[in-house]
Structures are given as structure tokens and as C-alpha cells.
Amino acid sequence: SNLYFECSILYTFLLTISCSYHILCFCLQMGWGDLGVFGEPSKETPNLDLMAAQGMLFPNFYTANPLCSPSRAALLTGRLPVRNGFYTTNAHARNAYTPQEIVGGISQDEILLPELLKKKDYVSKIIGKWHLGHRTQYLPLKHGFDEWFGSPNCHFGPYNNSVRPNIPVYNNSEMTGRYYEEFEINVKTGESNLTQIYLKEGLDFISQQAMAQRPFFLYSAPDATHSPVYASERFLGKSQRGRYGDAVMELDDSIGQILAHLVSLGIHNNTLVFFTSDNGAAVMSGPHQSGSNGPFLCGKETTFEGGMREPAIAWWPGRIPAGTVSHQLASVMDLFSTSLSVAGVLPPNDRVIDGLDLSPVLFNNSLLDRPIFYYRGNQMMAVRIGQYKVHYWTWSNSWEEFNTGINFCPGQEVPGVTTHTQEEHTMQPLIFHLGQDPGERYPISVQSEEYRDVHRQVTAVVEQHQKDLIPGMPQLNMCDLAVMNWSPPGCEQLGKCLKPPESNPWKCVWPH
């Protein structure tokens, strides 16, 4: 079942505030080790490397979940998935997302970033993958975005429309076609023009808002780096890293064009651009369909460093000092709070916001004291404070999956750490010093004074976190074939409506 194949995306957050413009580039499952500036030897990301040289690089930047949908919900709400409801309670410590079968989506009780930016008259657009629910009430234009060109799900398929419909592509509130139909993706060759289509949408939007002198927020979420990876003809076969590398090269070129466009319009000094990814590289997809997590352990779907530490770059000429590296522990949730801060908008005061305002970091290279929490479902698996990471639970994936050839940590199995059963370490956590051991291979001796000191410090932080935690209502528990993308808005005009099966809901099964 495709319920078992989750979709992640690299997002570029184009955030332009007054700073008048915000751009967030949020890419799909792009790994920490995929950028030349982080040591990727082929050096095929010259534009991102230049962006880092002109801005601020974050080697200690994290997503809020090792899977795409929860990390996107966290980005746009500033809240951990366990608070905003993007998790499941159907089984312990399971990653869950929004496949076509999902009944739920982003809660109406959550307040998303574009809704808040409206207080300062921002025009907001999302380009690419949404992945916070595909039923009409969950779509972007119902949650603060003014424009959308993209898809509610990832480019899975092609499907037999009598059993499983192809994913629709929307232009604002109505579909304009479907993947593998009007929007071709050649699975055999990997050729697709989608990244170029998304780039044109972004450049046109920037031009329109700049000409009208309107503040804007552009959320760019291309999905070319998700299996099955794709690239346009000009980039196919150009990378030393195979088809995945081709996709990365094209995304890098797109970001270079966006930054150059800002300069040509003369608005670069008023624009905050942030680039990061929604989760680590999907190393279980193999070397031709996934990236590199550098020195870090495992990848997507795990709460080891490879699953949640992301490449991240902030760019704002004239405001962010060029060529700086911040060792701040930072999170995608911080982009919510930082965006509001630079736009002059107060965050909601009726809920816990997990994101920090990184303005002091961006403008003064300050360091803020804060923990990083690693969740899988509604289970806190680990926490990082300073250079130390403490694991309370370990699990890569089940023996059942592993024995079928699905391996979340290929070539990186660490005895007692990358366990294939869920192992609880609450009474005696595994503690690693990530500065000395970024690969999480050598736990600190429980008999050492160092261990006792770290354990004592982290225990106090965890106890306070759990005391204050009020979980949101889980949104990812129920599935139903009848809610798939059979008849999206706009299908009538295109003659693309399909007949759904009868409703027969069940509790979703999440094996990972």
C-alpha cells in the first residue's frame, strides 16, 4: 500500500518582511551532506554555497519531525507536531503523514504563519507540495495563503484511476491537471519540467508583488528530490551523483535564479530568504534516489541525527553579516517566530509556541540557550542540550520491514543504538557528545561523572517540558479510500472527476 511510502520535501522559505519580503525554500528530504558548503565532494551546489558565503550557515539546524507532513505543520504553526495534532496514537512511536487515504489534516484550531502575516498586509503564496491534508477544508487557501500552485500530496504514481487516482495539481483553489497526465513525469528517464514550472511561478509572483510594492511571503516547496526523483532535460545526466544529483543541481540553479531576481528588482536588501529541508535524506531509498546525511547516523524517519539535522542557510544582504556561521541550536519552528518578529507581528498568546525568535542570532550572531526535542509520534525519543544528546528510546525500523530489505540505517548499524525493536532507556539513557561523536556511535560511560552531570541537567529540562505539555487532538489516525483525490475542486471543468468507492474508514496502519 502506498500508505507506507511517505513523501518529504525540501522547502525553501522565501520570507520577505520589512524587511518587506520573506522567502522560505523548504526542500524535500535533502540531506545535511548534500551541499558543497557542508563538504559534499562533487561541489554541485554553487548557488547555495554562494548563498551561505553571503549569509549565515547553520550547522545545528533541526526539523521538528523526521517525516514530511509533521515537519511542515510545525514550520507553519511554530509548534511541535505533538501540540498541533500532526501525529497518530494508533501505535507507539509511529511516524505518520498525509497520504491520499488520510481523513484528517491541519486542525482548524491552529493559526498558520500566512494568517498572521495578513495583519501587516502580506500577500502569501505556496508553490509545490502542501501535505497538510488534501480535503477541501484543509487546503492552503483555507489557511491564510492567497495563492497556490502545486499539489496537496507528493508526486507518487502513476496510478490506475479506477483504484487510486493520480495526484491533482492546483492553480489556486481549483485543480489544473494531474501528475503523470497533464503534468508528465517520466519514471523511466526521470525527466519532468515541474521544477521549471515552479520556478516561473515563483519569479512571476515576486515580480508582481515588487511592482505593486506589496509585502509578500513566498513558501517554495519543490519535491524533485523525493523518490522518484526527477529533473528537466537540461539537468538530466549532468551530476556526478546520478539522478538525485541532477535534481539537486536543478534546485540549486532555481535558488540562484531567485536570489539574482531579487537583486535585479532592487529588493534584496528588504528580503529575508531561508533555505532548509523537511527531514533528512531518505537513505532507505538507495544511492540513486536519495542524498547524503554527511557524518550523521541513519536518515529519514529516525530520530538519530541523520533523520532530523538539516542543511540551513539564512540570507538577507545588509542585515545578516555575510560569511557567518552560527552554532545556534535552531529549528524549523523558529522560522515561524522569526518571521513574525521581523514583520512586526505578535505571535498568538493563547497557546504554547515552540519556535524561538532568531533575530538576535541573525543580526548579532548571539547564542540562545534552548533544547531540541526529537519526537516520533507522540513519544519524545531524545533531547539535545548543548553538545549532548540523550536518547530515552531507540528504534530504526521493525525487523519485519528490515527483513524485506527496507533499512533506515544502511551500512550504519550500531549495536544497542540502531535497534529494530523499540527499546526504552528511560532509567539509563544513552548519552552522546555530538561534538566528539556526531555519528552517535560511542555512548558516554554511565559510570562517568560526565554522564551523571549531563543526566541531571537534562532530566530537569525534560521534566519541565513534560509537565507543560498538552498534546493536541491527533489528526492522523483515520484512513478511508473514499476521501482520496477522486474529484478535487475544478475537476468538472476539466472532465477529470472520478467516482469514489463507498466510505469504509479504518484506523491507519503506520509500520515505521
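All views show a predicted model, in which local features need pLDDT of at least 70, side-chain atom pairs count only at pLDDT 80 or more, and totals for chains, interfaces and linings use all residues. Residues are numbered from 1 along each chain as its sequence is written, and side-chain values use heavy atoms, with hydrogens and water left out.

**View 1. The annotated residue C68.** An unreviewed UniProt entry places the feature "modified residue: 3-oxoalanine (Cys)" at C68. UniProt positions are given in the numbering used here, feature names are shortened, and annotations may be inferred rather than shown by experiment. C68 lies in helix α2 (residues 68-77); helices (H or I, at least four residues) and strands (E, at least two) are DSSP runs, numbered from the N terminus. C68 is buried, with a relative accessible area of 0%; buried means under 20% relative accessible area, exposed over 50%, and partly exposed in between (1.4 Å probe, protein chains only).

**View 2. Packing of helices α5 and α6.** Helix α5 (residues 194-212) packs against helix α6 (residues 242-265) at an angle of about 15 degrees, with the axes 10 Å apart. The two helices are therefore roughly parallel, a term for angles under 35 degrees, whereas those over 145 count as roughly antiparallel, 65 to 115 as roughly perpendicular and the rest as oblique. Axes are lines fitted to C-alpha atoms, for helices over the stretch in contact, and angles run from 0 to 180 degrees between N-to-C directions.

**View 3. Two cis peptide bonds.** The bond from G157 to P158 is cis, with omega near -5 degrees, and P158 lies in the loop between β6 (147-151) and β7 (168-171). A cis bond also links S227 to P228, with omega near 0 degrees; P228 is found in the loop between β9 (216-221) and α6. Most peptide bonds are trans.

View 4. Most residues other than glycine have a negative phi. A93 has a positive phi near 55 degrees and lies in the loop between α3 (81-84) and α4 (113-117). Y180 has a positive phi of about 70 degrees and belongs to the loop between β8 (174-178) and α5. A93 is buried, at 1% relative accessible area, and Y180 is buried at 11%.
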